[in-house]
Amino acid sequence: MLAFSFVFEKPTQQAMKNYVVLLSGFVLLFIACVPKRELITEQNRVHSLQGDSAKTHSLLNSCDMQVATLRKDTTDLKNSMDAFIASCQSNAANSNMTIADQAKRLKNLEDLIQAQKATMNKLRKTVADALINFKPDELSVFLKDGKLYVSLQEKLLFASGSAVVSMKGKEALKSLADVLNSTPDITIDVEGHTDTVPITGRYEDNWALSTARATSVVRILTKDYSVDPHTIIASGRSKYYPVANNKTTEGRASNRRTEIILSPDLKELFKLLNQ
């Protein structure tokens, strides 16, 4: 049997000294590490606080700008309100000052309109009396939209497809011209109308025929009966303004007509309206 024995030697003084130095180094290292971790933590917290401070500062600047903008908007709104109130007060004062003038203007307008209505009614009666010898199926006299219409049928003025005024038609135009020459301040529109049947012969179409008929009437009124040419207009309306159904013989006959439209002078009325 083998026998083992352990021999423990007593450490030397130098070894003990080295051991103490090494242990002291570990202790100092441990003590130094603890403040460093805390320092890093504090530094991180400081950085976080600095970031928060920067955000807060930015928000404060933004709020300051918004406050300044709101103050300016409030000032502008107040100035606008003050100007609006001043304008309303001025308008109210001016309105109160011109109520009498406005009432007078309205009264003048009403008087002028009534006077023109009376004039046109009187003119209608005068024209109807002048043309009393002609039959109702040859012509008609009526007021429409403030104007006086003298509607002359084709059979009174023209042969079919012709623009030459008949003798009887000239008699009617002379009677009408006597009234026109004694009535100042009116405008005269002479309109030719046809039915829907296409024209053949001398005239190209119903436009040409209706215009030629209106022009023939204007020539007789101005050249033969001295109606002022500055007051008269000739126009052709062709088939596009019927007064009856073109599917019947009677309707087509009614549509073949020449209308002499008398309009009052509206200069004074427009002058009052524009004041």
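This is a predicted model: local features need pLDDT of at least 70, side-chain atom pairs count only at pLDDT 80 or more; totals for chains, interfaces and linings use all residues.
A charge sits over a ring if NZ of Lys or CZ of Arg is within 6 Å of the ring centre and within 35 degrees of the ring normal.

**Charges over rings**

I found Arg-237 over the face of Tyr-241, 4.0 Å from the ring centre. I also noted Lys-144 over the face of Tyr-149, at 5.9 Å from the centre of that ring.

**Aromatic pairs**

I looked up the ring pairs next and got two for the structure. In one of them, Phe-142 and Tyr-149 have ring centres 5.3 Å apart and planes at 5 degrees; planes under 30 degrees apart count as stacked, so I logged this pair as stacked. Are its two members buried or exposed? Tyr-149 has 13% relative accessibility, and buried means under 20%, so I put it down as buried. Phe-142 comes out partly exposed, with a relative accessible area of 30%.

I traced an open sheet of five strands in the order 1-2-5-3-4, with mixed pairing. Which strands stand at the edges? They are strand 1 (139–144) and strand 4 (232–236); each has a single partner strand, so one side of each has no neighbour in the sheet. From one strand to the next I read an average twist of 20 degrees.

I then checked how strand 1 meets strand 2: the two run antiparallel and are joined by six bridges. Lys-144, the residue over Tyr-149, stands opposite Lys-147 in strand 2.

**Helices on the sheet**

I have helix 3 packing on the sheet, where it touches strand 2, strand 3 and strand 5, and its direction makes about 5 degrees with that of strand 5. Helix 4 lies across strand 3, strand 4 and strand 5, and I noted about 160 degrees between helix 4 and strand 4.

**The core**

The largest nonpolar core has 32 residues, and among those with the most contacts inside it I listed Val-127, Leu-173, Val-217 and Ile-260. Elements that each supply at least two residues of this core include helix 1 (13–130), strand 3 (186–193), helix 4 (206–224) and strand 5 (257–264). Which helix gives the largest share? Helix 3 does, with six residues.

Leaving out residues up to four places away in sequence, Val-217 touches Leu-157, Phe-158, Val-165, Leu-173, Val-190, Thr-258 and Ile-260.

Terms used
Residues are numbered from 1 along each chain as its sequence is written. Side-chain values use heavy atoms; hydrogens and water are left out. A nonpolar core is a set of buried Ala, Val, Leu, Ile, Met, Phe, Trp, Tyr and Cys residues joined through side-chain atoms within 4.5 Å. Buried means under 20% relative accessible area, exposed over 50%, partly exposed in between (1.4 Å probe, protein chains only). Helices (H or I, at least four residues) and strands (E, at least two) are DSSP runs, numbered from the N terminus. Contact means heavy atoms within 4.5 Å. Rings of Phe, Tyr and Trp (its six-membered ring) pair if their centres lie within 6.5 Å; planes under 30 degrees apart count as stacked, over 60 as edge-to-face and the rest as tilted. Two strands pair if DSSP finds at least two bridges between them. Axes are lines fitted to C-alpha atoms, for helices over the stretch in contact, and angles run from 0 to 180 degrees between N-to-C directions.
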